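Have a look at the model below with me. I've jotted down some points to follow as you turn it around on screen.

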Amino acid sequence: MSTPQSYGSILSGGVWSNNQMLVALLGLCPLLATTTSATNGLGMGLATLVVIVCSNGTVSLVRNLVRPEIRIPVFVLVIASFVTLVELIMQAFFYDLYQVLGLFISLIVVNCMIIGRAEAFASKNRVDRALFDGLAVGLGATLVLTTLGGLREFVGQGTLFHQADLLLGDWAKAISLSLGEDFQGALIAILPPGAFIGLGLMIALKNLIDQRAKRRAAARVVPAVRTDPSPA
């Protein structure tokens, strides 16, 4: 029986080393379509985080009650229930943002990243570990969505967290940045090609950081010096 992952490795895996959007390239539909601004990316990321945490916990609770033949339909039903709940909450409290993200909120149901974590981790682990895995993977997704959205928004429009008050309330107007109305941005950044270019740059940067970290780790390893026996 394999040794369970530590909470630290679950967190680092979900957020960085095994980030599903940068490594497995799962969940690309919302990643590429909704990240025209940091606010949209953050809103989509938080919705995904809530769904994956709740679905992971529920799948872990019922894992011993579901027959293997029907586990995938049951997982999809669980995910769809929480997606519907998130949709209703967004319609009630964040309606302006929901009008932007509404279609893609519904598509969370078929997000391979969420179904994959339910099948690969939540269905095989205790509730606490399943919840923590969902939190780690959700945080990783939120960081990628927000970062890509912020990058495209800044390059394309010269703003950052524009209309953040739609998601976070009036206080969030203070964190909105702008380079001025005269800023001439690169229109391609907020068009579909800009999403692919931005994602490619983020993946390349992650790979570069990982490679440098591996080289540093290898440099710290000092090979043992083999001593020859003294001559007779």
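1. Start with Lys206 and Asp210, which form a salt bridge whose closest N and O atoms are 2.7 Å apart. (A salt bridge here is a side-chain nitrogen of Lys or Arg within 4 Å of a carboxyl oxygen of Asp or Glu.) Both residues sit in helix α9, 4 residues apart, about one turn of the helix. Helices are DSSP runs of H or I with at least four residues, strands are runs of E with at least two, and both are numbered from the N terminus. Are Lys206 and Asp210 buried or exposed? Both are buried, where buried means under 20% relative accessible area, exposed means over 50%, and partly exposed is in between (1.4 Å probe, protein chains only).

2. A quick word on where this comes from: it is a predicted model, in which local features need pLDDT of at least 70 and side-chain atom pairs count only at pLDDT 80 or more, while totals for chains, interfaces and linings use all residues. Residues are numbered from 1 along each chain as its sequence is written, and side-chain values use heavy atoms, with hydrogens and water left out.

3. How many salt bridges are there by this rule? The count is 5. Another one of them joins Arg71 and Glu119, at 3.0 Å from N to O. This pair ties together distant parts of the chain, since Arg71 is in helix α4 and Glu119 in helix α6, 48 residues apart. Arg71 is partly exposed at 33% relative accessible area, and Glu119 is partly exposed too, at 22%.

4. Stay with Glu119 for a moment. Not counting residues up to four places away in sequence, Glu119 touches Arg71, Ile72, Phe75 and Lys124; contact means heavy atoms within 4.5 Å.

5. Glu69 is exposed, with 59% relative accessibility, and Arg67 is exposed at 56%.

6. Now for the inside. In soluble globular proteins, nonpolar side chains tend to be buried together. The largest nonpolar core here has 35 residues, and Ile105 and Ile108 touch the most other members. (Such a core is a set of buried Ala, Val, Leu, Ile, Met, Phe, Trp, Tyr and Cys residues joined through side-chain atoms within 4.5 Å.) Which helix gives the most to this core? That's α3, with 7 residues. Leaving aside neighbours within four places in sequence, Ile105 is in contact with Met44, Ala47, Val83, Val86, Glu87 and Met90. Apart from this core lies another, of 6 residues, including Phe75 and Ala118.

7. Don't skip Asn56 in helix α3. Asn56 is buried, with a relative accessible area of 0%. Beyond residues up to four places away in sequence, Asn56 touches Arg117, Ala118, Ala122, Ala130, Asp133 and Gly134.

8. Finally, the outside. Leu151, Phe154, Val155, Leu179 and Phe183 make a nonpolar surface patch with about 400 Å² of accessible area together. Patches are made of residues with over 30% relative accessible area and no salt bridge; like charges are joined within 9 Å, and nonpolar side chains (Val, Leu, Ile, Met, Phe, Trp, Tyr) within 5 Å. The areas come from the Shrake-Rupley method with a 1.4 Å probe, and for residues only the protein chains shown count as cover. Phe183 lies in the loop between β2 (177–178) and α9, and is partly exposed at 31%.
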